[in-house]
Amino acid sequence: MPPVISVRGLGTRFGSDWVHRGLDLAVDRGEIVSLVGGSGSGKTTLLRELIGLLVPTEGDVRLFGAALFGGGGERERVLRRRFGVLFQQGALFSALNVFDNIAFPMRELRQFAEPMIRDLVRLKLDQVEMLPRHGELMPAELSGGMIKRVALARALALEPELLLLDEPTAGLDPDRSDAFVRLVSTLSHELGLTVVLVTHDLDTLFALSTRVAILAEQRILAYGTIEEVMAIEHPFVSNFFLSERGRRAAAAH
């Protein structure tokens, strides 16, 4: 069985500046991989390439064994239905209520009757531990934690096999962050998801990750379990994992 994500020789250039060069990454089914790196290392850029919002300058990106780019618009659309994305700020449509935000990808497909969409939205709300009455709320009425849950429900709307998260706990207080991490962990096991998340939050990383990818020097510098990555001698690894904050997070988990 091919990896869920396979990246070979990826290069990303903006003008004369290379963000990535010779980047390789493989993510197997069922894994939860945290992507970490310093500011400007290209974490979010890589995530955008994995979901097809940005075409790399060079290299090959494959999802479920199929090339993400090329092969025609319809084939690409079918492939993209197999993954869901949660953007850093939720990216909810401000003019739509919670129900319509979650229903949006289902309606775009035009394959579901409205009564079925209504039932599916209620199911997604339940999966993210929200009530049917929350579907009537507008995004402006939601707390930060609720925005993340609604965005997660929308990301799960089409029953994806792969979930990509950009800083999923950014902006949340510790209690809401812990609750959201527990929710993602539970759903990943119950739904059999493969998860890739960009994060700088050590508690999130230690709580969720089966493997960690360190993005530095324009490539994946280290890739393995947390213990394997922490053993790498590199300034970023030392500053990130072996600082007082990193030691506290490691001890807590």
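**Entry 1**

I started at Ser34, which stands opposite Val212 in strand 9. Before going on, I noted that this is a predicted model, where local features need pLDDT of at least 70 and side-chain atom pairs count only at pLDDT 80 or more, while totals for chains, interfaces and linings use all residues. I also noted that residues are numbered from 1 along each chain as its sequence is written, and that side-chain values use heavy atoms, with hydrogens and water left out.

My helices (H or I, at least four residues) and strands (E, at least two) are DSSP runs, numbered from the N terminus. I call two strands paired if DSSP finds at least two bridges between them.

Strand 3 (residues 32–37) pairs with strand 9 in the parallel sense, over five bridges. Strand 10 (residues 219–224) is joined to strand 9 by five bridges too, and these two run antiparallel.

How much of strand 9 is buried? I found five of the six residues of strand 9 (residues 211–216) buried, so the strand is largely enclosed by the rest of the structure. For the record, buried means under 20% relative accessible area, exposed over 50%, and partly exposed in between (1.4 Å probe, protein chains only).

Next I went to the four-strand open sheet, which has the order 2-1-4-5 and antiparallel pairing. Its edge strands are strand 2 (17–27) and strand 5 (66–67), each pairing on one side only. Strand 1 (residues 5–14) is joined to strand 2 by seven bridges, antiparallel. Within that pairing, I checked Thr12 and found His20 as its bridge partner in strand 2.

What lies across strand 1, strand 2 and strand 4? I see helix 1 (residues 43–50) there, running at about 120° to strand 1. Contact here means heavy atoms within 4.5 Å. The axes are lines fitted to C-alpha atoms, for helices over the stretch in contact, and angles run from 0 to 180 degrees between N-to-C directions.

**Entry 1: the largest pocket and helix 3**

I then looked at the largest pocket, with a volume of about 750 Å³. Of the 22 lining residues, Arg80, Phe83, Val85, Pro105 and Leu158 are the closest to its centre. Helix 2 (73–80), strand 6 (83–86), helix 3 (98–109) and helix 5 (144–155) are the elements that give two or more residues to the lining.

The pocket terms need spelling out. On a 1 Å grid over the protein atoms alone, a pocket is an open set of points where a 1.4 Å probe fits, with protein on both sides within 12 Å along at least five of seven lines; lining residues have an atom within 4 Å of a point. Grid points are joined across faces, edges and corners, and the volume is the space filled by probe spheres set on the points.

Which element gives the most to the lining? Helix 3 does, with four residues. Buried residues in helix 3 include Val98, Phe99, Ile102, Pro105 and Leu109. I traced the packing of the buried residues of helix 3 to helix 4 (114–127) and helix 5.

After helix 3 comes Arg110, whose phi is positive, near 60°.

**Entry 2: two glutamates in loops**

Glu129 is not a glycine, yet has a positive phi of about 65°. I placed Glu129 in the loop between helix 4 and helix 5, and it counts as exposed at 57% relative accessibility.

Glu159 also has a positive phi, near 55°. Glu159 lies in the loop between helix 5 and strand 7 and is partly exposed, with a relative accessible area of 46%.

Is Thr169 buried or exposed? I have Thr169 as buried, at 7% relative accessible area, in the loop between strand 7 (162–166) and helix 6 (174–191). Its side chain makes a polar contact with the side chain of Thr204 (3.1 Å). A polar contact is a pair of N or O atoms within 3.5 Å; within protein, one must be able to donate a hydrogen and the other to accept it, and residues adjacent in sequence count only if both atoms are side-chain atoms. Not counting residues up to four places away in sequence, Thr169 touches several residues, among them Lys148, Phe180 and Asp201.

Last, I looked up Asp175, which is in helix 6 and counts as exposed at 63% relative accessibility.
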